[in-house]
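Subject: Structure for your review

Hello,

The structure is set out below, and my notes on it follow. Please read them alongside the coordinates.

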Amino acid sequence: DDERILSVGRLDLVHKKTDKLIKAFKLVANNFNGKLVLVGNGPDKGKILDLVRKLSLEERVTLKSNLTRHELLEEYSQASIFVMASENETYSIAVAEALAAGLKVVIPNASGLALFVRGGYAMGMDPPITPEKIAEGIMNCIEETRNNSSRGFRRYIPYTWDAVAAELEQLYHQVI
């Protein structure tokens, strides 16, 4: 009942679609006692704070900016679900960090992010992304957490230089 949903990225309504995430959180807020933590800064910070107030979510949505690396890692460690609504990401370090931290991740099944979905590491939402699709993804993750299940997710193990070198060596042996 104490889920923390995390989103990390520039506060930009046009590209990052943070407004859709906040509206999705409003749709699911009555179904659990969790919080939404938005980490970032950007041109639409004021509009995002206005939307949070308009939806009466001030007690449940926290916005944090200018975190140190240690503080950011602490946010990942306290969260259980990570959500990104942007359909335009070619790759996202924040998504990779959330996966490496063992969070359940909800992302668009589009562009470079689709690789995480196809790999079974993240829950995908087919574009166009809507608050309803985000809310459905969040609720699926909450149910998996409540049931202590990870049936929908494979454990993401980030690449290290050693792993990359081993795969490259294996490829060379196959070619030879």
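**Helix packing**

Helix α4 (residues 69-78) and helix α5 (residues 93-100) have axes that come within 10 Å and cross at roughly 60°. Axes here are lines fitted to C-alpha atoms, for helices over the stretch in contact, and angles run from 0 to 180 degrees between N-to-C directions. R69, L72 and Y76 of α4 make the contact with A94, E97 and A98 of α5, where contact means heavy atoms within 4.5 Å. By class, this contact of α4 with α5 has four nonpolar, no polar and two charged residues. Ala, Val, Leu, Ile, Met, Phe, Trp, Tyr, Cys and Pro count as nonpolar, Asp, Glu, Lys and Arg as charged, and the others, Gly among them, as polar.

This is a predicted model, in which local features need pLDDT of at least 70 and side-chain atom pairs count only at pLDDT 80 or more, while totals for chains, interfaces and linings use all residues. Residues are numbered from 1 along each chain as its sequence is written, and side-chain values use heavy atoms, with hydrogens and water left out. Helices (H or I, at least four residues) and strands (E, at least two) are DSSP runs, numbered from the N terminus.

The axes of α2 and helix α3 (residues 45-54) also come within 10 Å, crossing at roughly 15°. α2 and α3 are therefore roughly parallel to each other, and α2 passes α3 in a right-handed crossing. On the α2 side the contact is made by T18, D19, I22 and K23, and on the α3 side by I48, L51 and V52. These divide into four nonpolar, one polar and two charged residues.

α2 packs against α7 as well, at an angle of about 55° with the axes 8 Å apart. The two helices α2 and α7 are therefore oblique to each other, and this crossing is right-handed. K20, L21, K23, A24, L27 and V28 of α2 meet P131, E132, I134, A135, I138 and M139 of α7. The division is nine nonpolar, no polar and three charged.

**Cavity**

The structure holds one cavity of 30 Å³ or more, and about 110 Å³ of space lies in the largest cavity. A cavity is a set of points on a 1 Å grid over the protein atoms alone where a 1.4 Å probe fits but cannot get out, and lining residues have an atom within 4 Å of a point. Grid points are joined across faces, edges and corners, and a volume is the space filled by probe spheres set on the points. Of the 13 lining residues, S7, V8, G9, K16 and T18 are the closest to the centre. β1 (4-8), α2 (18-28) and β2 (35-39) each give two or more residues to the lining.

**Backbone and loops**

Most residues other than glycine have a negative phi, and most peptide bonds are trans. S56, in the loop between α3 and β3 (61-64), has a positive phi of about 55° although it is not a glycine. The peptide bond from P127 to P128 is cis, with omega near 0°.

Regards

Technical notes:
On a 1 Å grid over the protein atoms alone, a cavity is a set of points where a 1.4 Å probe fits but cannot get out, and a pocket is an open set with protein on both sides within 12 Å along at least five of seven lines; lining residues have an atom within 4 Å of a point. Angles under 35 degrees count as roughly parallel, over 145 as roughly antiparallel, 65 to 115 as roughly perpendicular and the rest as oblique. A crossing is left-handed if the near helix is turned anticlockwise from the far one by less than a right angle, and right-handed if clockwise.
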